[in-house]
Amino acid sequence: MTRLEEYLRSARNRAFVGRTAEMAAFRSALAGGALFTVLYLHGAGGTGKTTLLRRYGVEAERANRQVVRVDRFEPGGMISALLAAVPPTPAGTAGPVLLIDEFEHWQPVEPWLREEFLPSLPVGTVVVLAARTPPDVEWTADPGWHDVLRVHEVGDLSPSEAEMLLDRHAIPRRRQPVLAELAGGNPLALRLAVEAVSADKDDDEVRLCVAQAVVKQVVGDVPSAAHRHALEICAYAEVTTEKLIRATVADADAVELFRWLCTLPYAVCGPNGVHVRPFVRTAVRTELQWRDPLRHEAVLARLEEGTTLTATAKVESLPRPEFDVAVREALRAWRRPDLLAGNALVHSRMVAASEASAEPVAALRDVLQSTLDALGEDPRQGKPHRALIATYLGGAPTQEAAAERLGLPFSTYRRHLNRGLEVLCSLLWRRETTGIELT
C-alpha cells in the first residue's frame with residue numbers, strides 16, 4: 001500500500017461515524033451467516049453510500065476476502081465489463097465481495113444481472129448494490145430473493161452522530177448548532193459545512209456554499225421548468241399535495257409532477273402528502289433566494305395564492321395580539337408539557353394542520369421548531385435566531401446567562417431577542433392565516 005493510499009484510508013476511517021446497522025449486516029454476511037447475501041443500500045445523494053462501500057472494502061480485505069469494486073460503465077459495455085471485472089474464484093475459497101456503486105445506472109442490464117449473473121456466482125459471495133432509489137418490485141416480490149436480499153435505507157446521521165463527526169473535524173462547539181441545523185444530519189452537507197468553516201467563512205457564507213453544492217450534487221438536473229417549479233413549491237410548503245401542485249404550477253400535469261416528487265430519493269411521502277428532507281429544503285430555498293430574489297418572492301406569492309384552508313376551516317384563529325402573547329408563553333413553557341397543553345395555540349389552525357396533530361403538545365412543538373428552523377434559514381435573521389434558541393431551547397436559566405453564552409452585551413442580546421420574537425410571531429401568524437410555512 002502506498003503512503004498516500006494509507007493516509008487516505010486512515011483519514012477516511014477517522015471521519016467515519018454511525019451506520020451501526022449497515023456495518024452489522026455486512027459483517028454478518030462476511031462471516032458466512034448465509035450461503036449468499038445481497039445488501040441493497042439506497043438513499044439520497046450525499047448520505048454516505050460510497051463511504052460505506054469503501055468501509056466494506058476495508059473490512060473484506062482484513063478478512064482476506066477477494067474484493068471487486070465496480071464503477072458505472074458505458075451502457076453498451078456493462079455486461080462484458082462486469083464479466084471481466086470478476087475473476088474466477090479459486091477452489092476451496094469463499095466467493096468474492098462485489099461492490100457496485102451508482103446501481104441506479106444499471107437499469108438497462110438489471111434483469112440479466114438479477115436472473116443470470118448473480119445466481120452464477122459461487123457460494124459465500126457477498127454483493128453490495130448502492131443506489132439512490134429503492135430496489136424494484138422484481139427484487140422484493142420474488143420469493144427466490146426473499147431470504148437472500150437485505151435492503152437498508154441509508155438516511156441522515158442522528159444528532160449525536162453529527163456532533164461526533166463535527167468533533168472529529170475539530171469544529172468549535174459554538175459553531176456546531178448552526179452547522180447541524182443547516183445540514184440536517186446529511187453527511188455530505190456536514191462535510192461541505194466543515195470545509196467552508198475551515199476556510200474561515202462566516203455562517204451566512206457557509207449556508208450559501210452548502211446550498212449551492214447540495215443543489216448541484218444532490219438535486220442535480222430536473223426534467224423541465226415545470227418540475228423545477230414543483231420542487232420549489234415542495235421546498236417552501238410544509239407539505240405538498242397534488243391539489244397544491246395543480247393550483248401553483250400553471251399549464252402542467254399535476255398528477256405526473258406529484259408522482260415525480262414522490263420518487264425523489266430525498267423526498268418523504270406521508271399520509272398528508274410529500275415533503276423533501278430538511279437539508280434539501282434549506283438548500284433549495286437558500287440558493288433560490290440568493291440567485292433570484294424576485295423568483296423567491298414569486299414562489300411565495302404563488303404558493304400563498306394557491307393554498308386553501310379547507311382542511312382547517314372549522315378552527316378559528318386567535319386575534320393577533322393574543323396570538324403573539326401565546327407564542328411567547330409557549331416558548332417559555334418549551335420544557336413543560338403540562339403548561340404547553342394549556343396554551344391557546346394547541347387549538348390553532350397551524351397545529352391542527354400539523355402531521356403530529358394527534359398529540360397537541362407534540363404538534364405545537366413541531367410547529368414552533370419548524371418555524372424557528374425557517375427563521376434560521378434567512379441569512380438576515382441569524383443573530384435573532386441564535387438569541388431565540390439560546391434563550392428558550394438552549395436551556396439557559398436566565399436571559400443574562402443566554403447573553404453570556406452568546407458572548408453579547410445584555411443590551412445587544414435583548415435587541416436581537418426582541419427582533420427574533422417579532423419575526424417569529426409574524427412567520428407563525430402568516431402560517432396560521434394561510435396554512436403555509438413561509439419565510
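**Entry 1: the cap on H14**

I started at the N-terminal end of H14, which Asp253 caps: one of its side-chain oxygens lies 3.1 Å from the backbone nitrogen of Val255. That is a polar contact, meaning a pair of N or O atoms within 3.5 Å; within protein, one must be able to donate a hydrogen and the other to accept it, and residues adjacent in sequence count only if both atoms are side-chain atoms. The labels come from DSSP runs numbered from the N terminus: helices are H or I with at least four residues, strands are E with at least two.

A note to myself on the source: this is a predicted model, where local features need pLDDT of at least 70 and side-chain atom pairs count only at pLDDT 80 or more, while totals for chains, interfaces and linings use all residues. Residues are numbered from 1 along each chain as its sequence is written, and side-chain values use heavy atoms, with hydrogens and water left out.

**Entry 2: the two sides of H14**

Which residues of H14 are buried? I found Ala254, Leu257, Phe258, Trp260 and Leu261 in this helix, which runs over residues 254–263. Looking down the axis, I see these buried residues within an arc of 160 degrees, so they line one face of the helix. The arc is taken from the directions from the helix axis to the C-beta atoms. On the face turned away from the buried side I noted the exposed residues Arg259 and Thr263. My cut-offs are under 20% relative accessible area for buried, over 50% for exposed, and partly exposed in between (1.4 Å probe, protein chains only).

Next I asked what covers the buried residues of H14. The cover includes helices H12 (225–236) and H13 (242–248), plus strands E6 (267–270) and E7 (273–276). I checked those two strands as well: E6 and E7 pair in the antiparallel sense over four bridges. Strands count as paired if DSSP finds at least two bridges between them. A hairpin of two residues joins E6 to E7, and Cys269 stands opposite Val274 in E7.

**Entry 3: aromatic rings**

I searched the whole structure for aromatic pairs and got seven. Rings of Phe, Tyr and Trp (its six-membered ring) pair if their centres lie within 6.5 Å; planes under 30 degrees apart are stacked, over 60 edge-to-face, and the rest tilted.

Tyr40 and Phe103 have ring centres 5.9 Å apart and planes at 85 degrees, so I wrote this pair down as edge-to-face. The pair links distant parts of the chain, 63 residues apart: Tyr40 is in strand E1 (residues 37–42), and Phe103 is in the loop between strand E3 (97–100) and helix H5 (110–117). Tyr40 is buried at 3% relative accessible area, and Phe103 is buried too, at 1%.

Phe103 also pairs with Trp139: the centres are 6.5 Å apart and the planes at 70 degrees, so this pair is edge-to-face. Trp139 sits in helix H6 (residues 137–140) and Phe103 in the loop between E3 and H5, so the pair ties together parts 36 residues apart in sequence. For Trp139 I read 0% relative accessible area, which is buried. Ring pairs link Tyr40, Phe103, Trp139 and Trp145 into a cluster.

I then looked for charges over rings, where NZ of Lys or CZ of Arg must be within 6 Å of the ring centre and within 35 degrees of the ring normal. Arg285 lies over the face of Tyr236, 5.1 Å from the ring centre. Arg365 has its charged end over the ring of Trp334, 5.8 Å from the centre.

**Entry 4: two loop residues**

Is Asn186 buried or exposed? It is buried, with 0% relative accessible area, and I found it in the loop between helix H9 (176–183) and helix H10 (187–198). A polar atom of the Asn186 side chain lies 3.2 Å from the backbone nitrogen of Leu188, and one lies 2.9 Å from that of Ala189. Leaving aside neighbours within four places in sequence, Asn186 is in contact (heavy atoms within 4.5 Å) with Gly45, Gly46, Thr47, Asp156 and Phe279.

Arg132 is in the loop between strand E4 (126–131) and H6, and at 28% relative accessible area Arg132 is partly exposed. Its side chain reaches the backbone oxygens of Gln217, at 3.0 Å, and Val218, at 3.1 Å.
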